[in-house]
Amino acid sequence: MKVLHIIPSVATIRGGPSQAVLEMVKALNNLNIEAEIATTNDNGTELLNVPLGKCTDYQQVPVWFFSRFSPPIHPLREFAFSRELTIWLWQNIRNYDLLHIHAIFSYSSTIAMAIARIQKIPYIIRPLGQLCTWSLKQSAMKKQLYLRIIEKSNLNHSQSIHFTSEAEQQEASLLNLTSSSFVLPHGLSIPAIIPNAYQRLRQQFNLPVDEPIILFLSRLHPKKGLDYLIPALGKISHHRFTFILAGSGEPDYENEIKSLLVSEGIENRTHFTGFVQGETKDLLMQGADLFALTSYSENFGISVIESLAAGTPVIITPGVALSDIVAQQQIGYVEQLDVDEIATAIQHFLDQPQELKNMGDSYGALVPSGTLCERYRARQFILENYTWDSIALRMISVYKDLLLKISI
């Protein structure tokens with residue numbers, strides 16, 4: 001089986017969805033599925049320094065990169081138009097048994113679906129939360145027009161729509177699409193445990209050994225709800241804590257967030273790290289006391305799973321699709337998108353540090369046992385349900401079922 005994944009960008013600046021497709025394709029290839037990616041050299045306001053027009057090894061994944069049209073006008077640049085990608089798809093799409101397309105409302109995905117329909121190549125589409133109510137309300141007029149004229153027909157002609165949570169699937173059902181759909185979450189690459197992460201993180205930021213750390217780690221974007229989280233932290237500034245804000249985004253929005261930190265009076269206790277990855281990211285996840293993601297809308301929320309796997313409890317909002325799991329397992333707080341409610345929940349954590357520790361330990365913390373580590377039941381749940389190997393196996397089953405239906 002040969003599968004082509006198409007996405008507008010795989011740059012780290014584009015956040016979790018772009019990284020997820022790299023991990024997914026890597027896992028599929030490890031299971032003997034011939035999977036590749038076709039994308040542009042988009043990198044936000046810049047371009048990736050990668051070979052163009054040929055298959056290259058990018059982060060251990062076979063990727064075809066094509067030149068993105070890069071005018072100074074932001075909306076046109078974000079649309080990621082690529083003449084070269086269009087030509088290549090038209091000439092090569094028949095070399096693949098199935099297309100797995102990631103994102104909508106973007107040139108790369110839209111043209112891929114259109115060409116697949118013309119050349120009668122089966123495809124599935126992962127909309128990346130862009131069919132959720134909150135997302136559709138952003139630039140609503142343009143999206144409704146785009147959806148009605150172009151994208152709805154593309155979606156309805158897909159073999160299936162790939163949602164990463166039941167919540168995302170339920171919100172999209174309001175659009176009355178005729179294509180079938182399935183739910184398959186993102187996977188997780190379980191990082192190595194960092195010895196003494198709690199102490200090392202505080203040493204790195206020159207903090208007292210018992211300093212409570214609240215972590216936000218995600219792409220900086222208006223939908224992430226920092227306009228609620230930061231004022232909530234400002235309301236409890238009489239408590240002792242350090243806020244670590246890890247992530248990057250558009251320069252104008254970063255400046256807006258920095259101004260908000262000043263106006264809420266917590267800039268002196270905030271560390272703005274910018275984008276992090278690798279061991280630095282793992283250290284933040286494993287050494288923090290509490291992970292906060294108060295988003296308006298998240299079709300999944302991979303950073304939530306990463307935090308739980310590290311044994312760090314979370315505070316999230318109902319817009320995060322994993323909120324049901326967090327509530328059912330009692331592994332954190334699910335609070336309404338309300339400054340007072342978020343502040344009250346965080347204050348409860350800070351007032352009862354032992355409860356905080358127990359909550360983290362019950363879901364994913366590792367406890368030394370001689371030279372071995374014992375996994376708690378919920379961490380085992382993550383290993384069984386959210387590793388990329390298990391997700392890839394389920395994805396292959398979906399591929400085979402869809403291709404079998406087409407052949408009958």
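So, the handedness of the α9–α14 crossing: right-handed, meaning that the near helix is turned clockwise from the far one by less than a right angle. Helices here are DSSP runs of H or I with at least four residues, strands are runs of E with at least two, and both are numbered from the N terminus. Keep in mind this is a predicted model, where local features need pLDDT of at least 70, side-chain atom pairs count only at pLDDT 80 or more, and totals for chains, interfaces and linings use all residues. Residues are numbered from 1 along each chain as its sequence is written, and side-chain values use heavy atoms, with hydrogens and water left out.

Okay, the geometry of that pair. The axes of α9 (residues 226-235) and α14 (residues 339-351) come within 8 Å and cross at roughly 55 degrees; axes are lines fitted to C-alpha atoms, for helices over the stretch in contact, and angles run from 0 to 180 degrees between N-to-C directions. The two are therefore oblique. On our scale, under 35 degrees is roughly parallel, over 145 roughly antiparallel, 65 to 115 roughly perpendicular, and the rest oblique.

Who touches whom? On the α9 side you've got Y228, L229, P231, A232, L233 and K235, and they meet V339, D340, I342, A343 and I346 in α14. Contact means heavy atoms within 4.5 Å. That set splits into nine nonpolar, no polar and two charged.

Now compare the other helix pair, α1 (residues 16-30) and α17 (residues 388-407). Their axes come within 9 Å and cross at roughly 75 degrees, so α1 and α17 are roughly perpendicular. From α1, the contact uses A20, E23, M24, A27 and L28; from α17, W388, D389, A392, M395, I396 and Y399.

On to the sheet. It's open, with six strands in the order β13-β12-β11-β14-β15-β16, and the pairing is parallel; strands pair if DSSP finds at least two bridges between them. Which strands stand at the edges? β13 (270-274) and β16 (332-334), each with a single partner, so one side of each has no neighbour in the sheet. On average, neighbouring strands are turned by 20 degrees against each other, direction ignored.

Zooming in, β11 (residues 213-217) and β12 (residues 242-246) run parallel and are joined by five bridges, and F216 stands opposite L245 in β12.

α11 (residues 278-287) lies across β11, β12 and β14 (290-293), at about 135 degrees to β11. α12 (residues 302-309) lies across β11, β14 and β15 (314-316), running at about 170 degrees to β14.

Definitions and conventions. Ala, Val, Leu, Ile, Met, Phe, Trp, Tyr, Cys and Pro count as nonpolar, Asp, Glu, Lys and Arg as charged, and the others, Gly among them, as polar.
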